[in-house]
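Here are my notes on the core and the ring contacts. Please read them with the model open.

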Amino acid sequence: MDARELRKVEEDLITRTILRKSLDDWINLANTDVTVVGAGPSGLTAARYLGKGGLKVVVLERRLSFGGGIGGGGMLFHKIVVQSPAEEVLRDFGCRLEEVGEGFFVVDAAEMMAKLATGAIDAGAKVILGVTVDDLVYRSPPLEIKGVVVQWTSVVMAGLHVDPLALRSKAVIDCTGHDAEVLSVASRKIPELQLGILGEKAMWASMGEECIVEKTGEVCPGLFVAGMAVAALHGTPRMGPIFGGMLLSGRKVANLILGKLKGSI
Ligand code: 48F
């Protein structure tokens, strides 16, 4: 038998602790340097490099888990492939890779999900699960994105009319994947932005990967795009289950924002 006795904890103490500590976090997160929307590969990568660069970062994820499309692998097969130079990013996160061809690597999906999340959190980013970004905060003219509007995913799913809360930040990154949800809201609700979302094209893996990295960037002051949302915005090909472009896109957007907010790359 274990020599140490299990500590007795009253229910009200559990409740008070959860509420007090969660509210401390939310009050602190009401104003950050960067809001990353989506905890998929591009979002978690961006969050790590932004956090390492000394910025205050929050990652808001709709689901109760992180990793986005990583967990599904390729048609549920649990291996993820990346091409050079994206293996540098995975190595920085501590992922164990196998080189299966020159400049072509494979990693277990579960390991990649866990280590990307750990890497972002260890770099200082705060990941909040179960929260949906459903609108933006803006000013105009001059047009500038000032933050995001958030709601509990459970409230959204229940279809309840509950007024949301807003979080301010100097930069917002749309890392929501194929549906480019933040950009879609921006294009619908901020007409002066004149943002057309072309929708991704059919599959062409290597071209899709190149375009994602090349077109990752700032959409308007305060609003950035990375990962698969880039393909949705610019109408570039989908790449299917190869993830190098997502990692390099996340690193690129982090460097752009660091350059802008801290004057360093
Ligand atoms: O889809 P996702 O993994 O986006 P990504 O980082 O990577 C794409 C790849 O996974 C794969 C691919 C490339 O090989 O084609 O699909 O571009 O992660 C997006 C995350 O954003 C969350 C969503 O639940 C997912 O975890 N998300 C989407 N919309 C919202 C959101 C929203 N409105 N608010 C909060 N989270």
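1. The structure holds two aromatic pairs. Rings of Phe, Tyr and Trp (its six-membered ring) pair if their centres lie within 6.5 Å; planes under 30 degrees apart are stacked, over 60 edge-to-face, the rest tilted. Trp26 and Trp152 have ring centres 5.5 Å apart and planes at 70 degrees, so this pair is edge-to-face. It links distant parts of the chain: Trp26 sits in helix α1 (residues 11-29), Trp152 in strand β8 (residues 144-152), 126 residues apart. Helices (H or I, at least four residues) and strands (E, at least two) are DSSP runs, numbered from the N terminus.

2. This is a predicted model: local features need pLDDT of at least 70, side-chain atom pairs pLDDT 80 or more, while totals for chains, interfaces and linings use all residues. Residues are numbered from 1 along each chain as its sequence is written, and side-chain values use heavy atoms, without hydrogens or water.

3. Trp26 is buried, at 19% relative accessible area. Trp152 is partly exposed, at 43%. Buried means under 20% relative accessible area, exposed over 50%, partly exposed in between (1.4 Å probe, protein chains only).

4. Tyr49 and Phe93 also pair edge-to-face, 6.4 Å centre to centre with 80 degrees between the planes. Tyr49 lies in helix α2 (residues 41-52) and Phe93 in the loop between α3 (87-92) and β4 (98-101), so the pair ties together parts 44 residues apart in sequence. Both Tyr49 and Phe93 are buried.

5. Arg48 lies over the face of Phe93, 5.1 Å from the ring centre. The criterion: NZ of Lys or CZ of Arg within 6 Å of the ring centre and within 35 degrees of the ring normal.
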